[in-house]
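Please open the structure in a viewer and keep the selection tool at hand. The stops below are given in the order in which they may be selected.

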Amino acid sequence: MKLFIDTANFNEITSALELGVITGVTTNPSIISRDLADRDADSYYSHISRILTLMAPVPDSLVNAEVISSESDEMIKEGIALAALSSSSRVVIKLPMTTAGLRACSILTGRGISVTMTLVFSAAQALLAANAGARYVAPFIGRMDDIGGSGIEALAEIVEVMKPFDTKVLAASVRSPLHVVQAAKAGADIATLPYKVLTQMASHPLTAAGLNRFSRDWNGTGGTK
Ligand code: G3P
């Protein structure tokens with residue numbers, strides 16, 4: 001399972017890239033607005049352009065950028081404009097899983113623009129998205145847990161019904177390292193993680209304790225390198 005980072009924060013993207021573990025970025029209007037609040041100079045599109053520049057060194061990297069409108073023709077216009085930010089098709093347009101979004105998905109994919117259907121919560125929605133030509137469907141695991149459901153069970157069912165399609169499953173709304181492992185076991189193709197979850201995945205108390213012991217034992221010898 002590949003890993004993307006779910007942020008529009010340049011520092012977080014740069015740090016994650018340096019670890020060599022991510023091949024893509026996902027954003028949405030909430031994430032961008034959070035980061036734009038600190039950056040008066042940026043517009044939505046210029047922010048996405050800067051993320052594309054940051055990700056350019058990673059071969060085949062993808063940046064998911066979401067439309068703001070919920071009206072179909074406007075979504076199509078925004079999708080075309082966002083896709084044009086990359087001359088090498090590295091922008092994937094995120095569309096909401098609504099009938100208006102499905103219509104926009106069919107039209108954009110017909111023009112060769114890749115689409116992620118977002119805010120997907122059921123296998124029925126995923127089936128519609130796949131038939132409309134979506135390259136990815138993004139089930140929101142954490143938000144299903146939030147309302148007392150099982151995000152991972154829904155994800156597993158979506159993975160199952162996507163098998164006959166080329167559509168990939170991008171696990172989103174990931175809140176913990178456990179979610180990431182469960183998503184991988186359920187067969188998700190990609191999980192997109194907040195930076196905090198990525199760093200949590202790297203740490204383990206026994207790793208820290210083991211490192212302390214190595215350091216203490218070596219320093220105790222008084223030896224030189
Ligand atoms: O990728 C989707 C994500 O940004 C939503 O996460 O934690 O707001 O449910 P969350």
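Begin with the ligand and aspartate 6: an N or O atom in the side chain of aspartate 6 is 2.7 Å from an oxygen atom of the ligand, a polar contact being a pair of N or O atoms within 3.5 Å. The model is predicted, so local features need pLDDT of at least 70 and side-chain atom pairs count only at pLDDT 80 or more, while totals for chains, interfaces and linings use all residues. Residues are numbered from 1 along each chain as its sequence is written, and side-chain values use heavy atoms, with hydrogens and water left out.

Next, select arginine 143, where a side-chain N or O atom is 2.7 Å from a ligand oxygen. Serine 173 likewise places a side-chain N or O atom 2.7 Å from an oxygen of the ligand. Of the 310 Å² of accessible area that the ligand has on its own, the protein covers 80% (Shrake-Rupley method, 1.4 Å probe).

Now show the residues around the ligand, which include Asn28, Ile31, Phe140, Ala172, Arg175 and Thr192 (a heavy atom within 4 Å). This shell divides into three nonpolar, three polar and three charged residues.

Which residues line the largest cavity? Select Thr26, Lys94, Thr118, Ala138, Phe140, Leu170, Ala172 and Thr192; on a 1 Å grid over the protein atoms alone, a cavity is a set of points where a 1.4 Å probe fits but cannot get out, and lining residues have an atom within 4 Å of a point. The lining comprises four nonpolar residues, three polar and one charged. About 30 Å³ of space lies in this largest cavity, the volume being the space filled by probe spheres set on the points.

Terms used
Polar contact = N/O pair within 3.5 Å; in protein donor to acceptor, adjacent residues only side chain to side chain. Nonpolar A, V, L, I, M, F, W, Y, C, P; charged D, E, K, R; others polar. 1 Å grid on protein atoms, 1.4 Å probe; cavity = no way out; pocket = protein on both sides within 12 Å on 5 of 7 lines; lining within 4 Å.
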